[in-house]
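Subject: Structure handover

Hello,

Here is the structure we talked about. My notes on what was found in it follow below the model.

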Amino acid sequence: MMHYVKTLTIAGSDSGGGAGIQADIKTMSALGCYASSVITAVTAQNTKQVFDIQNINPSVVEAQLRAVLTDLRPNAIKIGMVGSAENMESIAKTLSEVSDIPLIIDPVMVSTSGNKLMDDSAVHTFCQQLLPLATLLTPNIPEAEVLAGMPITSVSDIDEAAMRILKRGCNALLIKGGHVEGSMKTDRLYFSNGSEPMVFKAESIETRNTHGTGCTLSSAITALLARGLQLEDAVAMAKNYVSNALKEGADVEIGSGHGAVNHFYNPEKLIKQ
């Protein structure tokens, strides 16, 4: 019996359609995967700002997750915005029972427009319960500063922050350089086994349509891991996908703020195994 390559995204809903669950499903679908979802929060937002956030009850989050895991059984899982510490505890408890599935965690703490998306009280729970389950953690510079407990102003700072974060228990860490000004955006992939970090560079693209790029990158990595790629190859191909999606959506008006990338610039058919 043939099956589609399946993915799962655990994240918040973005009413503007550019990030969160919506961006995850678009990305995974564009890369040939059948995407299921667990919604952890509902946000009221558009391209300009986040107006309101309502976290989903932890029991409902767990029920969604168990419903998917007991039937659809994804090949890889992505976690984005979780919101509350209670949701994190519920997710961590359930996912600890399926440790054989690759888990990509994007520690969503701040939106592109600058709104906080993770409660201060939830950061400790995140580090203690979710982070150690990660096959790959994908923080940007501000998020890495929070997780490492230090400011980052140089490459040596990034290296030090990476070592601190890896000691918390994740298998690998991709620190994204999108918040650093310059003509090139550089991401650095670190491994818990102490091997040399891998550097991925991409040309900086002039556009205000950058909403959801972090969600898109982590979802692309998840989809490519589900398809059977090795981690470093999945990261390289995911970065290329995001760069092309940015280029193809650079000059299109979606709203009056930060628009989304063009997730469907070159969509693939659902892949069967």
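**Cysteines**

Cys127 counts as buried, at 7% relative accessibility; buried means under 20% relative accessible area, exposed over 50%, and partly exposed in between, with a 1.4 Å probe and protein chains only. Before the rest, a note on the basis: this is a predicted model, in which local features need pLDDT of at least 70, side-chain atom pairs count only at pLDDT 80 or more, and totals for chains, interfaces and linings use all residues. Residues are numbered from 1 along each chain as its sequence is written, and side-chain values use heavy atoms, with hydrogens and water left out.

How many disulfides are there? The count comes to zero, where a disulfide is a pair of cysteine sulfur atoms within 2.5 Å. Cys127 is in no disulfide, and the nearest cysteine sulfur, that of Cys170, is 9.9 Å away. For Cys33, the closest cysteine sulfur belongs to Cys215, and at 17 Å it is too far for a bond. Cys33 also counts as buried, with 1% relative accessibility.

**Overall fold**

The protein has eight helices and nine strands. These are DSSP runs numbered from the N terminus, with helices being H or I of at least four residues and strands being E of at least two. The radius of gyration is 17 Å, close to the 19 Å that the globule rule gives for 273 residues, so the protein is as compact as a globular protein of that length. That radius is taken over C-alpha atoms, and the rule is 2.2 Å times the number of residues to the power 0.38. The C-alpha trace spans about 45 × 40 × 40 Å along its principal axes.

Of the 273 residues, 53% count as buried. Among contacts with a separation of 6 or more, 69% come from residues 24 or more positions apart; contact means heavy atoms within 4.5 Å.

**Surface and charge**

**Strand residues**

Leu136 is found in strand E6, residues 136–137, and is buried with a relative accessible area of 0%. Leaving out residues up to four places away in sequence, Leu136 touches Leu103, Ile104, Ile105, Ala172, Leu173, Leu174, Leu189, Ile221, Leu231 and Val235. One of these, Leu231, is 95 residues from Leu136 in sequence and 8.5 Å from it in space, C-alpha to C-alpha.

Asp52 lies in strand E3, residues 50–55. With residues up to four places away in sequence again not counted, Asp52 touches Val42, Thr43 and Ala44. Asp52 and Tyr241 are 189 residues apart in sequence, and their C-alpha atoms are 31 Å apart.

**Loop residues**

Met109 sits in the loop between strand E5 (103–105) and helix H4 (120–130), and counts as buried at 7% relative accessibility. The C-alpha atoms of Met109 and Asp120, eleven residues apart along the chain, are separated by 9.4 Å.

Glu206 is in the loop between strand E9 (198–203) and helix H7 (213–226). Glu206 is exposed, with a relative accessible area of 76%. From Glu206 to Leu137 there are 69 residues in sequence and 27 Å in space, C-alpha to C-alpha.

Arg73 lies in the loop between helix H2 (58–69) and strand E4 (76–79), and is partly exposed at 37% relative accessibility. Most residues other than glycine have a negative phi. Arg73 has a positive phi of about 45° although it is not a glycine.

Regards
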